[in-house]
Structures are given as C-alpha cells and as structure tokens.
Amino acid sequence: MSSGHEYPHESTGVETRKLGMWVFLSTEVLFFGTLITTFLLFKGRNFPGIKLTDVYDIPFTSISSFILLMSSLTMVLAHNALENEDQEKTRVWLLATAMLGAIFLAGQIYEFTEFYHKGFELSTNIFSSTFYVLTGFHGLHVFIGVVFLIALWAIGQRQQGLSLDRGMNLEFIALYWHFVDIVWIVLFTVVYLI
Amino acid sequence: MSTDHKEHPTPKKYVQIAIVLGVLTALEVTLYYLEDLVGVFTDSLLIFLAVGKYVIVVGWFMHLRFENKMVNRFFAGGMILALILFAIVMLERGMANFFYS
C-alpha cells in the first residue's frame, strides 16, 4: 500500500490521486466548518418552540458515537489486511465497517423520527433548521460511505478480489470513512455535549 | 522532501488506539453528567477531549503522521481556513451584540 511512500516520478513526491483526495477532504473541512459555524451562531439563543435539549437522548447518541468510532477501527483493519494480501479478512472487515455505518444511520433516522414526534421539526425555528442541515449532511456522507464500502466489498467478492495494484481505491474510501468519523467527533461535542 | 518512512501500526496497536478512543468518549459522557461538579471547566475539557480524539483518528487511522509534509499542509490549510471563518463570524456576532444591546 502506498501510505507514507514517496513518489519520485511525481513532482510533488505524492501520488497525484492521493493528493487530490486530501485536497477534497480539506474542502470538506471547510464545508462542515461553515455548517458548524452557522449552527453555533444560533445555539443558546431563545427561539419559539421546543428546545433541542428537551428532546435529545445522550445515552443513545453516545452509543451511536461509539459505534461510528469502532467502524474506524474495522476500516483500518481492512486496510491492514489488504496490505498483508489477506483477501478474506479484507472483505470481512469491509462488511463489518459497512454494517456499523448502517447501524449508525438507523440510529440517526430513529433519533430524527423521535425529535419530529416530540415537535422539534426542521421548520420549528431557525436553530432546528441548522441542526437538521448539519447532522443531516453528515448522515448523507455516512450513507455515501456505506454505499462505497458495499461496492468495494462486492468488487472483492469477484474472482481476482481486491489487489494491491488497485489498493489505492480502498485507501481513498478509508480516508473518506475516517473523515466522516472525525466530523462526528466534533459534532457530538458541539451539538450534544456543550 | 522528507524521505523518512515510519512503519504503520500493527492490528494490535490499532485495537489499543480504539480502546483509548472508547475511553475518551466515556470520559466525555461522564463529564456531561458531572457538569454541576466540574463547573465552568466542563466545556473546555469537552473541547480538549474532542481535539484529542480528532488528532488520534487523523494521525493514526488516517495515517497523516506517516504522510508527506505536503499532504499535512493541505489538510491543515482547510482546518485553518475553517477556524478563521469561525473566528470572523463569532467576532461579528460579538460586535453586533455589543453595538445593538
């Protein structure tokens, strides 16, 4: 695998596609930075309607956060298994990551449904709108990640499996997945705990 | 260009890192419930723990600490720009509150 390797044939010393992936993640930091800033702009102000603190369930969200954190572990183990050319373990860890991501998503859908039933809706006030846009976009990123993971697992099921030559594909998806995880680390603290 | 090449962690090391992340998350939740005891330091401690988790995932799971310096600069650039944006908006909000209150 190419992590940390130098590429003398590239003028930058970094594989171009990989550099592109990191630049993409850098723009994603700005995207979520903007959404978090907007959310914080309205947090703590008084708006009509029910408050977020009246509806959320910290123990439930804590378990969801733990599940997403552990999906980063299974992702990095899949990456490690491919480095060791262990196809079977790579597929198992990929599937485990996709399943943990799907469980997190199911939890988020359940949470949103509960909030709606309790009256904290997208249009309740401007603060509720920023909450749903922020956490909803994160959920969309998790969904896209789960689709990528299942696609990669399906490719791995084919006769030739996942190879080190095409190993960069797994590395890109792993970077994306870990990024989704670090965004949630920030959101869990900023949205729920503070 | 750096030619240093650090070895990636072993699966055992990854599991140990995940346990640390789990413990830090448990600490965050405990702090949330002990807000009355911890007082004004609660938010600062929560931010400190979140930054710790962020650095661990970026450094070890995303392998940024093993990467080329250029990759580090690109990612740090995005974070710095996001923090500048945050600072400007909060400063503007603070000034608006000051002048209109």
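Me: Where is the place of His63(B)?
Reply: In this predicted model, helices (H or I, at least four residues) and strands (E, at least two) are DSSP runs, numbered from the N terminus. By that numbering, the place of His63(B) is in the loop between H3 and H4 of chain B.

Me: What pLDDT do local features need here?
Reply: Residues are numbered from 1 along each chain as its sequence is written, while chains are lettered from A and ligands numbered from 1 in the order in which they are written. Since this is a predicted model, totals for chains, interfaces and linings use all residues, side-chain atom pairs count only at pLDDT 80 or more, and local features need pLDDT of at least 70.

Me: Is His63(B) buried or exposed?
Reply: Phi of His63(B) is near 60°, a positive value in a residue other than glycine. A residue is buried if 20 or more other C-beta atoms (placed from the backbone) lie within 10 Å of its own, exposed if 12 or fewer, and partly exposed in between. His63(B) has 22 other C-beta atoms within 10 Å, so His63(B) is buried.

Me: How many other C-beta atoms lie within 10 Å of Glu67(B)?
Reply: Glu67(B) also lies in the loop between H3 and H4 of chain B. Glu67(B) is buried, because the number of other C-beta atoms within 10 Å is 21.

Me: Are H1(A) and H4(B) roughly parallel or antiparallel?
Reply: H1 (residues 16-42) of chain A and H4 (residues 69-100) of chain B pack at an angle of about 15°, with their axes 8 Å apart. The axes are lines fitted to C-alpha atoms, for helices over the stretch in contact, and angles run from 0 to 180 degrees between N-to-C directions. Angles under 35 degrees count as roughly parallel, over 145 as roughly antiparallel, 65 to 115 as roughly perpendicular and the rest as oblique. H1(A) and H4(B) are therefore roughly parallel.

Me: How many charged residues does the contact of H1(A) with H4(B) have?
Reply: Residues are in contact if their C-beta atoms, placed from the backbone, lie within 7 Å, and here Trp22(A), Leu30(A) and Leu41(A) are among those of H1(A), with Phe74(B), Phe86(B) and Arg93(B) among those of H4(B). Ala, Val, Leu, Ile, Met, Phe, Trp, Tyr, Cys and Pro count as nonpolar, Asp, Glu, Lys and Arg as charged, and the others, Gly among them, as polar. The residues of this contact divide into 16 nonpolar, 7 polar and, for charged, 1.

Me: Which helix supplies the largest share of the side of chain A that touches chain B?
Reply: The contact takes 38 residues from chain A and 42 residues from chain B. H1, H3 and H6 of chain A each supply at least two residues of the side of chain A that touches chain B. The largest share, 12 residues, comes from H1(A).

Me: Is the crossing of H1(A) and H5(A) left-handed or right-handed?
Reply: H1(A) and H5(A) pack at an angle of about 155°, with their axes 9 Å apart, and are therefore roughly antiparallel to each other. A crossing is left-handed if the near helix is turned anticlockwise from the far one by less than a right angle, and right-handed if clockwise. The crossing of H1(A) and H5(A) is left-handed.

Me: What is the angle between H1(B) and H3(B)?
Reply: The crossing of this pair is left-handed. Leu24(B) of H1(B) and Leu49(B) of H3(B) are among the residues that meet. The axes of H1(B) and H3(B) are 10 Å apart, and the angle is about 165°.

Key: Two residues are in contact if their C-beta atoms, placed from the backbone, lie within 7 Å.
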